[in-house]
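This report describes one protein model, going from the overall fold to single residues. Please keep the sequence and the structure in view while reading.

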Amino acid sequence: MQNAGKSSFDRTFEQKEERFVHDQLHKLSQQVVEWVSQFEKPAIVFEDLKDMRDSIDYGTRMNRRLHSLPFRKLREFITYKAAFQGIPPNEINPEYTSQACSRTACEHTTRANRDKKRFKCVECGRQDHADRNAAINIAKKGLKKLDRNVPALNTLPQVMKVRRQTSGPSTPQP
Ligand SMILES: [Zn+2]
């Protein structure tokens, strides 16, 4: 029994926490779908959940916290809200998306490109946050699967905002 030995205080606290997480997931998924909706032909691409967890590397303590995030629930919320905007979900095999350079003219793929949170292409020198670089590759893979052209990276809205939230500088996009 999961609740065995727990006081009513513990249970109330857990319910409050659950509600808080639920609310946050709703807000976050709302923001994702709103952001995506400003594109002319919006698309949402997911990578396999298991691989997403495997690729997380922020040190032992942070990993433990991130791994407990309800990714599945978040994905369900995003899919549900996106469907109302007519945006279908897509899924790709994320193999090599964290090792490949996201610059379309380069796309050099090697393990050496990545050092934990930092991505630096050993071929062309492009630098980025490793998760952002991987996210661009996932988007590109998804668009290819949909047989759609990949927009130039510098045409994406709010790129600067994303950069401020990541650690370290990012080189200009082609
Ligand atoms: Zn490169």
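## Terms and basis

A residue is called buried if 20 or more other C-beta atoms lie within 10 Å of its own, exposed if 12 or fewer do, and partly exposed in between, with C-beta atoms placed from the backbone. Helices (H or I, at least four residues) and strands (E, at least two) are DSSP runs, numbered from the N terminus.

The model is predicted: local features need pLDDT of at least 70, and side-chain atom pairs count only at pLDDT 80 or more, while totals for chains, interfaces and linings use all residues. Residues are numbered from 1 along each chain as its sequence is written.

## Overall fold

The protein contains 6 helices and 5 strands. Their order along the sequence is α-β-α-α-α-β-β-β-β-α-α. Of its 174 residues, 17% are buried.

Two residues are in contact if their C-beta atoms, placed from the backbone, lie within 7 Å. Among the contacts in the protein with a separation of 6 or more, 58% join residues 24 or more positions apart.

Helix 5 covers residues 130–145, 16 residues in total. From first to last C-alpha it reaches 23 Å, close to the 22 Å expected at 1.5 Å a residue; the expected span is 1.5 Å times one less than the number of residues. Its buried residues are Ala130, Asn133, Ala134, Ile136, Asn137, Ile138, Ala139, Lys140, Lys141 and Gly142.

Asp147 counts as exposed because it has 6 C-beta neighbours inside 10 Å.

Helix 1 runs over residues 8–37. Its 30 residues should span 44 Å at 1.5 Å a residue, and the end C-alpha atoms are 43 Å apart, which agrees. The number of buried residues in helix 1 is 2, so this helix lies largely in the open.

How do helix 1 and helix 4 cross? Their axes come within 9 Å, at an angle of roughly 45°, helix 4 being residues 71–84. Axes are lines fitted to C-alpha atoms, for helices over the stretch in contact, and angles run from 0 to 180 degrees between N-to-C directions. The two helices are therefore oblique to each other; angles under 35 degrees count as roughly parallel, over 145 as roughly antiparallel, 65 to 115 as roughly perpendicular and the rest as oblique. The crossing of helix 1 and helix 4 is right-handed, a term used when the near helix is turned clockwise from the far one by less than a right angle, anticlockwise being left-handed.

## Residues between the two helices

On the helix 1 side, the contact involves Leu25, His26, Leu28, Ser29, Gln30, Val32 and Val33; on the helix 4 side, Lys73, Leu74, Phe77, Ile78, Lys81 and Ala82. These residues divide into 8 nonpolar, 3 polar and 2 charged. Here Ala, Val, Leu, Ile, Met, Phe, Trp, Tyr, Cys and Pro count as nonpolar, Asp, Glu, Lys and Arg as charged, and the others, Gly among them, as polar.

Gln31 also lies in helix 1. With 12 C-beta neighbours inside 10 Å, Gln31 is exposed. Its C-alpha atom is 9.2 Å from that of Ile78, 47 residues apart along the chain.

Pro89 is in strand 2 (residues 89–92) and is partly exposed, with 16 C-beta neighbours inside 10 Å. The C-alpha atoms of Pro89 and Val45 are separated by 6.2 Å, although 44 residues apart along the chain. Leaving aside neighbours within four places in sequence, Pro89 is in contact with Ile44, Phe46, Thr79 and Ala82.

Lys116 is in the loop between strand 3 (114–115) and strand 4 (118–120). Lys116 is not a glycine, yet has a positive phi of about 50°. With 9 other C-beta atoms within 10 Å, Lys116 is exposed.
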